[in-house]
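Try each task before you read its solution.

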Amino acid sequence: ASTERGICKLAFFDDDDEQRALEAELQREWSKAMITRDDAVTGDIAADVFDRDFGARRPLHLLLKGTTFQIKVWEALLRIPSGGLADYGTVAEMVDAPRAARAVGSAIAKNDIAFLIPCHRVIRKTGDFSNYRWGAKRKRALIAWESTTRTGA
């Protein structure tokens, strides 16, 4: 989902029911907005997001809605290299809150712009890939795709 100011939501779905649920969630999150579906605009944005020639695409603008701490965490996620991984404790250290790994996890869970704010790059200290809203299988696929197609994000 996007506005003139930028992308405000990027989510994954596997079937029509999940799509409808995400559309309802978007309406709740932006209750005062008039939301209209435009597959052409969305398709252009998706092409820019997932273009294999990542460095050649036009700049993407994001419209974030969150607390100061959440935004700090999301900014830290942007510093994890494409195809790279970090654990929750490392991200907590990146935001100068080394004992706040759980709070970091909560902030990551509130990320509305999947992939572009790369919450998929965060794993447990044990190496476990779970705790990804869109599923561990998709998380592994995104990380693998990044590590083979991207030079940086």
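**Exercise 1.** Find F115 in this predicted model, and work out which loop holds F115 and whether F115 is buried or exposed.

*Solution.* Start with the place: the loop that runs between α5 and β4 contains F115. Next, look at the backbone: F115 has a positive phi of about 70°, although it is not a glycine. For background, most residues other than glycine have a negative phi. Finally, take the accessibility: buried means under 20%, so F115, at 3% relative accessibility, counts as buried.

**Exercise 2.** Which residues of α5 are buried, and why do they lie on the same side of α5?

*Solution.* First, pick out the buried residues: V104, A107 and I108. They share a side of α5 because they cover an arc of only 100° around the axis. Then turn to the other side of α5, where R102 and A109 are exposed. Last, check the cover: α3, α4 and β4 are among what lies over the buried residues of α5.

**Exercise 3.** In the largest nonpolar core, which residues touch the most other members?

*Solution.* This core has 33 residues, and the answer is L77 and V91. Among the helices, α3 gives the most to this core, with four residues. Now follow L77: leaving out residues up to four places away in sequence, its contacts include V91, I108 and I117.

Methods: Residues numbered from 1 in each chain as written. Predicted model: local features only at pLDDT ≥ 70, side-chain atom pairs only at ≥ 80, totals over all residues. Heavy atoms only, no water. Core = buried A, V, L, I, M, F, W, Y, C linked by side-chain atoms within 4.5 Å. Buried < 20%, exposed > 50% of the residue type's maximum accessible area, 1.4 Å probe, protein only. Helix = DSSP H or I, 4+ residues; strand = E, 2+ residues; numbered from the N terminus. Contact = heavy atoms within 4.5 Å. Arc of directions from axis to C-beta.
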